[in-house]
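Colleague: I would like to go through this model feature by feature. Please give me the criterion each time, then the case.

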Amino acid sequence: MLNAIAARRSIRKFKTTPVAHEIIEEILRAGSLAPSSKNRQPWHFVVTTGKAKEEALAAMEQGLRREAQQPLLPESAQYIAGAWNTLAIMRQAPVIIFVVNPLELDLLTPQNAENRVFEICNAQSVGAAVENMSLAAVEAGLGRLWICDTYFAQQELCTWLGGELAAAFALGYADEEPAPRPRKSWSETVEWRE
């Protein structure tokens, strides 16, 4: 397992080679086996290829264009160029998996303490599912990219998906071999209390 964790990279260049359905299903199975708070399993996976992927990416492009005029995330405007780059990466990848959280509240819904805790627990659960999928992709010899820039187009993508988008995941055969990025040593990030 540590080998898969150490080998995992965020891939931003993909080959056009299609990914077999059986491999995608294995990756989705890994995601569905993730632990979740109260066993709520707050995920619904929408696998897009071909025409459906193009429709989803058109919704994202529409959201990025809207963001320039009516920003949902005005304090993040400096990152919009990166979101356009992410869209180009998503166009390369043969598969985009969207994780819809059927239990999630709308992004613009005011949060009370109870709802906030619920959302944090669901976010942790979805994160576990996506990480399981990432490691399964590594073991299957695939490249993947966990995507957050979709939040610039949250409204448009949620409308297209018919539910609240929690995560997006590009999948395909890597057309690059990036070096590991610098990491803090694990001992720098741990505090022991006895």
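Colleague: Does Trp 192 count as buried or exposed?

Modeller: The reading rests on relative accessible area: under 20% is buried, over 50% is exposed, and partly exposed lies in between (1.4 Å probe, protein chains only). Trp 192 counts as exposed because its relative accessibility is 69%. This is a predicted model, in which local features need pLDDT of at least 70 and side-chain atom pairs count only at pLDDT 80 or more, while totals for chains, interfaces and linings use all residues. Residues are numbered from 1 along each chain as its sequence is written, and side-chain values use heavy atoms, with hydrogens and water left out.

Colleague: Where does Trp 192 lie, and which residues make the nonpolar surface patch?

Modeller: Helices (H or I, at least four residues) and strands (E, at least two) are DSSP runs, numbered from the N terminus. Trp 192 is in the segment after β4 (165–172). A patch takes residues with over 30% relative accessible area and no salt bridge, joining like charges within 9 Å and nonpolar side chains (Val, Leu, Ile, Met, Phe, Trp, Tyr) within 5 Å. Here Trp 186, Val 190 and Trp 192 make a nonpolar patch of about 430 Å², with areas from the Shrake-Rupley method and its 1.4 Å probe, only the protein chains shown counting as cover for residues.

Colleague: Where in the chain is confidence lowest, and where is it highest?

Modeller: The score is pLDDT, the predictor's confidence in each residue, from 0 to 100. Helix α1 (residues 2–7) has the lowest mean, 73, and helix α2 (residues 21–32) has the highest, 98. Over the whole chain the mean pLDDT is 91, with 96% of the residues at 70 or more.

Colleague: What salt bridge does Glu 61 form?

Modeller: Side chains of opposite charge can pair when their charged atoms come close. The criterion is a side-chain nitrogen of Lys or Arg within 4 Å of a carboxyl oxygen of Asp or Glu. Glu 61 pairs with Arg 91, and their closest N and O atoms are 2.6 Å apart. That pair links distant parts of the chain, Glu 61 being in helix α3 and Arg 91 in helix α4, 30 residues apart. Arg 91 is partly exposed, at a relative accessible area of 37%. Glu 61, Arg 65 and Arg 91 are linked in a network of salt bridges, and the structure holds seven salt bridges.

Colleague: With which residue does Arg 66 form a salt bridge at 2.8 Å?

Modeller: With Glu 156, 2.8 Å being the distance between the closest N and O atoms. Arg 66 sits in helix α3 and Glu 156 in helix α6, so the pair ties together parts that are 90 residues apart in sequence. Arg 66 is buried, with a relative accessible area of 13%, and Glu 156 is buried too, at 12%. Arg 66 also meets Glu 67 in a salt bridge (2.6 Å, N to O), and Glu 67 is likewise buried.

Colleague: Which residues of helix α6 are buried, and what covers them?

Modeller: In α6 (residues 154–161) they are Gln 154, Glu 156, Leu 157, Cys 158 and Leu 161. Their cover includes β1 (44–48), α3 (50–69), β2 (95–100) and β4. Contact means heavy atoms within 4.5 Å. Cys 158 counts as buried because its relative accessibility is 11%. Apart from neighbours within four places in sequence, Cys 158 contacts Gly 163, Glu 164 and Leu 165. After α6 comes Gly 162, with a positive phi near 75°.

Colleague: What does Leu 87 touch beyond four places in sequence?

Modeller: Leu 87 touches Leu 57, Met 60, Glu 61 and Leu 64. Leu 87 lies in helix α4 (residues 80–92) and counts as buried because its relative accessibility is 0%.

Colleague: How many residues has helix α5, and how far does it reach?

Modeller: The expected span is 1.5 Å times one less than the number of residues. Helix α5 (residues 113–139) has 27 residues and reaches 39 Å from first to last C-alpha, close to the expected 39 Å. Gly 141 follows α5 and has a positive phi, near 80°.

Colleague: What is the phi of Lys 38?

Modeller: About 55°, a positive value although Lys 38 is not a glycine. Asn 39, also not a glycine, has a positive phi near 55°. Lys 38 is in the loop between α2 and β1, and Asn 39 is in the loop between α2 and β1 as well. Lys 38 counts as exposed because its relative accessibility is 71%, and Asn 39 is exposed, with a relative accessible area of 55%.
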